[in-house]
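The points below may be read alongside the sequence and the model.

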Amino acid sequence: MNAIPPPAASPPMGLIAELTHRCPLQCPYCANPLELARAAGELDTQTWQRVFDEAAAIGVLQCHLTGGEPTARRDIVPIVRRAAELGMYTNLITAGVLLDERSIAELVEAGLEHVQLSFQDVEPANADRIGNFKGGHAKKLEVAALVKAAGLPLTANFVVHRQNAERVPEMIELGTELGAGRIEVASVQYYGWGLTNRAALLPTRAQLDATTETVEEARVRLKGKVVIDYVVPDYYAMRPKSCMGGWARRLITITPRGRVLPCHAAEILPGFDFPSVHEKTLAEIWYSDPAFLRYRGTDWMPEPCRSCDQKEIDWAGCRCQAFQITGDASCTDPACSLSPDHAMMHAVLPESEAPPPAFVYRRIGSNLVGAK
Amino acid sequence: MEAAQEDAVPRFGPGMRFRFDDVRNAWIVLGPERLFLPDEQAAEILKLVDGSRTLGAIIDDLAARFAAPRDVLATDVTAMLRDLADKGAIRL
């Protein structure tokens, strides 16, 4: 049908293993899809271990164990152990509330190398309200100390939005006090649950400017001691983010049920038949699956990306955002000021000045009225 | 930029791991949610970062093996390690 060979791909760098969608927290900006997988459909221990074998064989260097809440899996220890035995850098991305001294010790013994612990705020009552989990913040503080006591490097992840942005200075202070070597000041990304709750979460321009100033000052002050990663909300951007470092260029995501995706949100895109670990090996998927080839590289790009000197920096931005905002997944990310659709992003900004509606909490069967 | 003393002992930062990758046939520095792909020259330097050699000893070792003036090497090695130190990959 088509004699043009697929573009040559480099080996993937990282595997994002979404071990489960189960989570005791219900954050209204969760990156999981609106349709959450139930426990019965999750890949079993042996399948995850086999998939890790395949990942290491094609050059995956880092294994990000996430969810939902990855420690909700009873087999988290053998799962970590296999990833570590394969030489992959093992990173646990967790809400922390299910961990204790003993389980942390077991994870360290299995070879865990790093923990990213999420925080909803520094103000306990507001943090617990955002995660809809009473006592969660206090528990996280305990777990952070246990992680450090176990000798593991820690990233403190703060998800920032309109209802906590004033406290970014205290967030950086808390992360530093907890001994985090890395702090993420991560603005909510508006997909799935975050998009559903956008009117309650989108920060104002003034909040964003203050956050940026805080981060820039802290980066200078903490240089060489604490790395601060900062993610801005796309709605205020002039250039799109390099989403996933480019489609199928660096990362593979595997869902709890075993779907293999170039991005954790990609299942929202129409016209795709994403492969499953039950049907194909990761090598076959990475190098030849049509879903992975679709937007890899630059040949697929439309204008203004095609002739843009930034095209190998931002890779045309995010396909999911292009689809969500314009209805066409193949166009330039409208976050880019050069996109003909950029005004559609700006048109949303007045939401940030209106009183926030109540959260639609992330849970199976949550009321999705207002989702779009 | 603060100058590094030659008696400083560079070491990898917390959670950083330096290993060879057979798939890419290259040395890699792995760390918390990031990684660095050092070029061959940088990899030769990083192989000598073992938590006991001083910066001066690392420069001496390289100067003995590669035909390069020591002062030039000292500048390059220090700059490379300083750059990785600023990124948290190396403690200098």
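1. A residue is called buried here if 20 or more other C-beta atoms lie within 10 Å of its own, and exposed if 12 or fewer do. The model under discussion is a predicted one.

2. By that criterion, strand β2 of chain A, residues 62–66, has five of its five residues buried, so this strand is largely enclosed by the rest of the structure. The burial concerns both faces of β2(A): Q62(A), H64(A) and T66(A) lie on one side, while C63(A) and L65(A) lie on the other. In a regular strand, side chains alternate between the two faces of the sheet.

3. On one flank, β2(A) is joined to strand β1 of chain A, residues 14–18, by five bridges, and the two strands run parallel. Within this pairing, C63(A) is the bridge partner of L15(A). Helix α1 of chain A, residues 45–57, carries the chain from β1(A) to β2(A) in a right-handed β-α-β crossover.

4. β2(A) also pairs with strand β3 of chain A, residues 89–94, in the parallel sense, over four bridges. Here L65(A) has L92(A) as its bridge partner, and H64(A) stands opposite N91(A). Together with helix α2 of chain A, residues 76–85, the strands β2(A) and β3(A) form a right-handed β-α-β unit.

5. These strands belong to an open sheet of nine strands in chain A, ordered β7-β6-β5-β4-β3-β2-β1-β8-β9, in which the pairing is mixed.

6. Helix α9 of chain A, residues 205–221, lies across β5 (154–160), β6 (182–187) and β7 of chain A. Relative to β7(A), this helix runs at about 160°.

7. From E213(A) to K223(A), ten residues apart along the chain, the separation between C-alpha atoms is 15 Å.

How values were computed: Residues are numbered from 1 along each chain as its sequence is written. Chains are lettered from A and ligands numbered from 1 in the order in which they are written. This is a predicted model: local features need pLDDT of at least 70, side-chain atom pairs count only at pLDDT 80 or more; totals for chains, interfaces and linings use all residues. Two strands pair if DSSP finds at least two bridges between them. A crossover is right-handed if, with the strands pointing away from the viewer, the path from the first strand over the helix to the second runs clockwise. Two residues are in contact if their C-beta atoms, placed from the backbone, lie within 7 Å. Axes are lines fitted to C-alpha atoms, for helices over the stretch in contact, and angles run from 0 to 180 degrees between N-to-C directions.
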